[in-house]
Amino acid sequence: MVAFDEAFRHKLHELFVWRRDVRRFRRDPLPEGAMERLIETVCLSPSVGLSQPWRFVMVESASRRRAVIEDFKACNADALRSYSGERASHYATLKLAGLEEAPAHLAVFADKESQAGHGLGRMTMPETTEYSVVGAICSMWLAARAEGIGLGWVSILNPARINDILDVPKTWKFIGYLCLGYPETEDDRPALERAKWECRRSAAQFTSRR
């Protein structure tokens, strides 16, 4: 078994601490091949039944990016209307996507009809297909941060509309739209905590024993 020493484990913990959901990017392009390299690394992630259901779409077309941005604006306006009073005012001040600035856009899907893995592990919990893709995105977050690249996951989007914009197969389920680039600043606290929207709670509050 490969052994990792305490110094490595300390650095790994630092990577977790400094991984952020980035919304403010510099406009500098990523190095050539950086996205492809990150995707290759992410494909080392575990997946149910070794089904590898992740599907990646590098969104490079200016018109498709603009359509995604317009969808975000519409969905964000709807979300704002769901709040009222001070909470609505606070929401309106939040920067919730770096779609305009990020040099790289990546849409991630789960192929729910993939025959890879022969259905192993999915008969009782078919949603593990999507869980596998979410796990892969988390791997990408860490791999990107290790290279000094920021990643922001945009969830304020209409999944059906994104599928249409990107013209992907009907069997692909939209999981996440990722913005990647070099962050304007770095911080070890979540942006929403800094903005006083929410605070991080201790692990003890989410842990029980039976």
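Me: What is the radius of gyration taken over, and what is the globule rule?

Reply: The radius of gyration is taken over C-alpha atoms, and the globule rule is 2.2 Å times the number of residues to the power 0.38. The model discussed here is predicted.

Me: What makes the radius of gyration of the protein chain agree with a compact globule?

Reply: For 210 residues the rule gives a value near 17 Å, and the protein chain has 18 Å, so the two agree. Along its principal axes, the C-alpha trace spans about 50 × 45 × 45 Å.

Me: How many helices and strands are there, and in what order do the elements run?

Reply: The protein chain has 7 helices and 4 strands. From the N terminus on, the order is α-α-β-α-α-β-α-β-α-β-α.

Me: Why is Ala107 called buried?

Reply: Buried means under 20% relative accessible area. Ala107 has 0%, and therefore counts as buried. Ala107 is part of strand β2, which covers residues 104-111. Across the protein chain, 40% of the 210 residues count as buried.

Me: Which residues does Ala107 touch, leaving out those up to four places away in sequence?

Reply: Contact means heavy atoms within 4.5 Å. By that cut-off Ala107 touches Arg55, Phe56, Val57, Val59, Leu166, Gly176 and Tyr177. Among contacts in the protein chain with a separation of 6 or more, 82% are between residues 24 or more positions apart.

Me: What about Cys179, and how many disulfides are counted?

Reply: The sulfur of Cys179 has its closest cysteine sulfur in Cys75, at 14 Å, which is too far for a bond. The count is 0 disulfides.

Me: What is the accessible surface of the protein chain, and how far apart are the mean positions of its charges?

Reply: The accessible surface comes to about 12,900 Å², with 55% belonging to carbon and sulfur atoms. The mean positions of the 30 positive and 28 negative charges are 4 Å apart.

Methods:
Residues are numbered from 1 along each chain as its sequence is written. This is a predicted model: local features need pLDDT of at least 70, side-chain atom pairs count only at pLDDT 80 or more; totals for chains, interfaces and linings use all residues. Side-chain values use heavy atoms; hydrogens and water are left out. Helices (H or I, at least four residues) and strands (E, at least two) are DSSP runs, numbered from the N terminus. Buried means under 20% relative accessible area, exposed over 50%, partly exposed in between (1.4 Å probe, protein chains only). Accessible areas come from the Shrake-Rupley method with a 1.4 Å probe; for residues, only the protein chains shown count as cover. Lys and Arg count as positive and Asp and Glu as negative; His and the chain ends are not counted. The place of a charge is taken as NZ of Lys, CZ of Arg, CG of Asp or CD of Glu. A disulfide is a pair of cysteine sulfur atoms within 2.5 Å.
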